[in-house]
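Subject: A structure for you to look at

Hi,

Here is the structure I promised to pass on to you. Have a look at it first, then read my notes below.

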Amino acid sequence: MGSTVLSLRIDGELLDRLRKHAAKRGMSVQDYVVRTLIRDDFDERFKTSVEETERFYGVA
């Protein structure tokens with residue numbers, strides 16, 4: 001899997017908050033944002049899988 005550049009324009013206040021969150025975890029802002037996006041993507045896919053399973057088995 002290769003990598004691609006994604007450029008974002010964000011407000012200074014948000015960047016400061018991201019820096020603080022990343023620093024608490026010993027990460028760069030870039031790594032923190034990427035991990036957050038990956039986690040959210042996984043959560044969404046997991047939720048969809050659970051819903052499809054419940055529909056398949058008729059769980060209310």
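This is a predicted model: local features need pLDDT of at least 70, side-chain atom pairs count only at pLDDT 80 or more; totals for chains, interfaces and linings use all residues.

**What I found**

Let's begin with the overall picture. The protein chain contains two helices and zero strands. Its radius of gyration is 17 Å, well over the 10 Å that the globule rule gives for 60 residues, so the chain is more spread out than a compact globule. Along the principal axes, the C-alpha trace spans about 50 × 25 × 20 Å.

Next, the surface and the charges. The accessible surface of the chain is about 5800 Å², and carbon and sulfur atoms account for 54% of that. There are 11 positive and 11 negative side chains, with the centres of the two sets 7 Å apart.

Now for the rings. How many aromatic pairs does a search of the whole structure find? The search finds two. One is formed by Phe42 and Phe46, which are stacked, with 6.1 Å from centre to centre and 20° between the planes. Both of these residues sit in helix α2 (residues 29-57), four residues apart, or about one turn of the helix. Phe42 has a relative accessible area of 46%, so it counts as partly exposed.

The other pair is Phe56 and Tyr57: their ring centres are 4.9 Å apart and their planes are at 90°, so this pair is edge-to-face. Are these two residues buried or exposed? Phe56 and Tyr57 are both exposed.

Enjoy exploring!

Best wishes

How values were computed
Residues are numbered from 1 along each chain as its sequence is written. Side-chain values use heavy atoms; hydrogens and water are left out. Rings of Phe, Tyr and Trp (its six-membered ring) pair if their centres lie within 6.5 Å; planes under 30 degrees apart count as stacked, over 60 as edge-to-face and the rest as tilted. Buried means under 20% relative accessible area, exposed over 50%, partly exposed in between (1.4 Å probe, protein chains only). The radius of gyration is taken over C-alpha atoms; the globule rule is 2.2 Å times the number of residues to the power 0.38. Accessible areas come from the Shrake-Rupley method with a 1.4 Å probe; for residues, only the protein chains shown count as cover. Lys and Arg count as positive and Asp and Glu as negative; His and the chain ends are not counted. The place of a charge is taken as NZ of Lys, CZ of Arg, CG of Asp or CD of Glu.
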